[in-house]
Amino acid sequence: NPRGKPDVRFFGGESVVGPLKELFVSSKIIWNLNLTVRENLQNIMQIQFPSNQSTNIEEKDQMAVECGICYSYKNDGRLPDSNCDNIHCARPFHSSCLAEWLSSLATSHHSFNTIFGECPYCSSQISVRL
C-alpha cells in the first residue's frame, strides 16, 4: 500500500534525530491509511515538515541541504548522508567528501574501514565508513 507505514531511516546527529526515532518507534498514534505519508509522519513525530510549495525564497533555501565540504546538494546523484554529531554544528556531508577530507588530514587515523578525524567546521570528532 503506497500510504502504508514506511521503513524510515533517520540521518543526523544522535542528539537531533534520537528523539524523533523514539517518537516514531514508540508512538501510540495509529498509522492512518486515509492520510498521506507526510501527514502521518508529522502527526507521529509532532513536527511540521518544511514545504517545497512555499513562495518564500528563504524557506526554499532551507530545504536544500548542502554538503559542508563541496557545497553542493547532490554529488554523483547522492545527497549528503553524514552529519557532525555536535549538536551546535550538525553540518551535513557527503560520505565521499568527508572521507576525502579526513584522508587529507595528518591527524586522522584509519581503523578497519572507517576514518576518524575532526569536523572541518567545529573540530569535534567525526568518522566515516569507507
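The structure is a predicted model in which local features require pLDDT of at least 70 and side-chain atom pairs count only at pLDDT 80 or more, whereas totals for chains, interfaces and linings use all residues. Residues are numbered from 1 along each chain as its sequence is written, and side-chain values use heavy atoms, with hydrogens and water left out.

The protein chain contains four helices and five strands, where helices (H or I, at least four residues) and strands (E, at least two) are DSSP runs numbered from the N terminus. Read from the N terminus, the order of elements is α-α-α-β-β-α-β-β-β. Of the 130 residues in the chain, 25% are buried; this term denotes under 20% relative accessible area, with exposed meaning over 50% and partly exposed in between (1.4 Å probe, protein chains only). Among contacts (heavy atoms within 4.5 Å) with a separation of 6 or more, 40% involve residues 24 or more positions apart.

Two helices illustrate the packing. In helix α2, which spans residues 37–45, the buried positions are Asn40, Leu41, Gln42, Ile44 and Met45. These buried residues of α2 pack against α1. Gln46 follows α2 and has a positive phi, near 55°. Helix α4 covers residues 95–103, and its buried residues are Ser95, Cys97, Leu98, Ala99 and Leu102. Their cover includes four strands, namely β1 (82–83), β2 (92–93), β4 (114–118) and β5 (125–129). Ser96, which also lies in α4, is by contrast partly exposed, with a relative accessible area of 46%. The C-alpha atoms of Ser96 and Ser82 are separated by 9.5 Å in space and the two residues by 14 positions in sequence.

Strand pairing was assigned where DSSP finds at least two bridges between two strands. Strand β3 (residues 109–111) pairs with β4 in the antiparallel sense through three bridges; within this pair, His109 has Phe116 of β4 as its bridge partner. The two strands form a hairpin with two residues between them, and Phe112 in the turn has a positive phi of about 55°. Strands β4 and β5 also run antiparallel and are joined by five bridges, with Thr114 opposite Arg129 in β5. The hairpin of β4 and β5 has six residues between the strands. Ser123 lies in this loop and has a positive phi of about 70° although it is not a glycine. The relative accessible area of Ser123 is 45%, so this residue is classed as partly exposed.

A further non-glycine residue with a positive phi is Ala90, at about 55°. Ala90 is located in the loop between β1 and β2 and, because its relative accessibility is 26%, counts as partly exposed.

The analysis of open space considered the second largest pocket, which has a volume of about 280 Å³. Of the 13 residues lining this pocket, Gly12, Asp81, Ser82, Asn83 and Asp85 are the closest to its centre. The elements that contribute two or more residues to the lining are α1 (14–26), β1 and β5. By class, the lining comprises four nonpolar, five polar and four charged residues, where Ala, Val, Leu, Ile, Met, Phe, Trp, Tyr, Cys and Pro count as nonpolar, Asp, Glu, Lys and Arg as charged, and the others, Gly among them, as polar. The search used a 1 Å grid over the protein atoms alone; a pocket is an open set of points with protein on both sides within 12 Å along at least five of seven lines, unlike a cavity, where a 1.4 Å probe fits but cannot get out, and lining residues have an atom within 4 Å of a point. Grid points are joined across faces, edges and corners, and the volume is the space filled by probe spheres set on the points.

Helix α1 also contains Lys21, which is partly exposed at a relative accessible area of 30%. With residues up to four places away in sequence not counted, Lys21 touches Phe10 and Glu14. Lys21 and Phe10 are eleven residues apart in sequence, with a C-alpha to C-alpha distance of 7.1 Å.
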